[in-house]
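I opened the model to look up a few local points and wrote down what I found. Entries follow in the order I made them.

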Amino acid sequence: MTDTTLLDLDRPVDRPLRTLVDPFQRAITYLRVSVTDRCDFRCVYCMAENMSFLPKADLLTLEELDRLCTAFVVKGVRKLRLTGGEPLVRRGIMTLISSLSRHLRSGALDELTLTTNGSQLPKYAAELKALGVERINVSLDTLDADKFRAITRWGELDKVIAGIDAAQAAGLRVKINAVVLKGVNEDEFSSLIEWAHGRGMDLTLIEVMPLGDVGEARLDQYLPLSMVRARLAERYQLEDIDYMTGGPARYVRVKETGGRLGFITPLTHNFCESCNRVRITCTGTLYMCLGQEDAADLRTPLRASEGNDLLYSAIDEAITRKPKGHDFVIDRRHKRPALSRHMSVTGG
Ligand SMILES: C[S@@+](CC[C@H](N)C(=O)[O-])C[C@H]1O[C@@H](n2cnc3c(N)ncnc32)[C@H](O)[C@@H]1O
Ligand code: SF4
């Protein structure tokens, strides 16, 4: 079992404070936390082959991550998603999850979940379920082992499938996320739909976003989801449904399979108006928007005192700066990444 002695679980949790509301009257109830920028894969749309990672000394400790997440829970966050990099390669990650799960038990948090590449799930799936994680997102862009190796630069498809098997066997609900890549997996969406729905899993397709220099032209990777949807509509009956998970995906039901298919379309359809999310990095930087540079340093107020008052003030001030939305563009005039930081830093 997980060793929680590393964390001070007896630290009292402050009384709930008023929920965070941004200048556009959006309540901030969803926090995504990138617990590491490191990963065992190097997906071509996410990282360059020779990535330089943040110095380990700059990382928040597990205890600091716990304190930071708890501060957001006190301020009204109801859903916490751990991401990365690959969250399950962070040393001690189960200690952190075990500690955060007290907020599920107290009822302060509705959901504790994670986005993972699946490679470590054979090791951790059962423990995640035991700690109160109910569903997870697993990223998988292809069912072809050679293509999988090419996309991830060295990942093994078998291991990820074994991870998904382990997650389902443990009783976790799995949603598959696939990034749509022009000329790479565009012939596979039907097989991915039938495979995922055949196993009782939702599938969400994601437009590639221009984050970080990955050494490839984004225009070569980018395929608008409007086109993908039009093509799928020739083969399947896609029925609009109201299903929402609190994230940015919009869902349809595929009549032939009975399963749900989500679309995350930051480029062709701006989803910002209903944004309820903020993100923190493993060094304690708060990004109020995935698609903007503006950020707030929470590590300094976190480390400045034992109490949380400075931290709460810094969070309040940052939320007043949450922008209305992002302005990602991928076209021939915008060849550079819209933002210099990689997805693995902010977390997907
Ligand atoms: C950065 S990853 C972190 C979690 C975990 N390593 C994983 O792959 O699921 C989170 C999600 O972001 C997606 N992603 C990464 N870079 C992206 C990009 N440039 N555009 C769109 N999605 C991206 C990944 O496919 C994944 O679904
Ligand atoms: S998408 Fe996830 S698995 Fe792929 S390199 Fe980025 S962090 Fe790693």
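Entry 1. For sorting residues by class, I count Ala, Val, Leu, Ile, Met, Phe, Trp, Tyr, Cys and Pro as nonpolar, Asp, Glu, Lys and Arg as charged, and the others, Gly among them, as polar. I note here that the model is predicted.

Entry 2, ligand 2. I asked which residues are around ligand 2. I found Cys-39, Phe-41, Arg-42, Cys-43, Cys-46, Met-47, Gly-85 and Asn-117 there. Sorted by class, this shell comes to 5 nonpolar, 2 polar and 1 charged residues.

I looked up how helix 1, residues 62–74, packs with helix 2, residues 93–100. Their axes are 10 Å apart and the angle is about 30 degrees. Because angles under 35 degrees count as roughly parallel, I put helix 1 down as roughly parallel to helix 2. The crossing of helix 1 past helix 2 is right-handed. On the helix 1 side, the contact is made by Leu-62, Leu-65, Asp-66 and Cys-69. Helix 2 contributes Thr-95, Leu-96, Ser-99 and Leu-100. By class I have 5 nonpolar, 2 polar and 1 charged residues in this contact.

I then took helix 7, residues 189–198, and helix 9, residues 225–235. Their axes cross at roughly 65 degrees and come within 11 Å. I recorded helix 7 as roughly perpendicular to helix 9, because that class takes angles of 65 to 115 degrees. Helix 7, too, makes a right-handed crossing, here past helix 9. From helix 7 I listed Phe-189, Ser-190, Ile-193 and Glu-194 in the contact. From helix 9 I listed Val-228, Leu-232 and Arg-235. The class count for this contact is 4 nonpolar, 1 polar and 2 charged residues.

Where does Met-288 lie? I found Met-288 in the loop between strand 13 (285–287) and strand 14 (295–297). Is Met-288 buried or exposed? Its relative accessibility is 1%, so I count Met-288 as buried, the cut-off being under 20%. I next asked what Met-288 is in contact with, leaving aside neighbours within four places in sequence. The list is Arg-277, Val-278, Asp-294, Ala-295, Ala-296, Ala-318, Arg-321, Lys-322 and Pro-323. I also checked Met-288 against Gly-325, which is 37 residues apart from it along the chain. Their C-alpha atoms are separated by 9.7 Å.

Key. Residues numbered from 1 in each chain as written. Chains lettered and ligands numbered in written order. Predicted model: local features only at pLDDT ≥ 70, side-chain atom pairs only at ≥ 80, totals over all residues. Heavy atoms only, no water. Helix = DSSP H or I, 4+ residues; strand = E, 2+ residues; numbered from the N terminus. Buried < 20%, exposed > 50% of the residue type's maximum accessible area, 1.4 Å probe, protein only. Contact = heavy atoms within 4.5 Å. Axes fitted to C-alpha atoms, helices over the stretch in contact; angles between N-to-C directions. Parallel < 35°, antiparallel > 145°, perpendicular 65-115°, else oblique. Left-handed = near helix turned anticlockwise from the far one by under 90°. Near = heavy atom within 4 Å.
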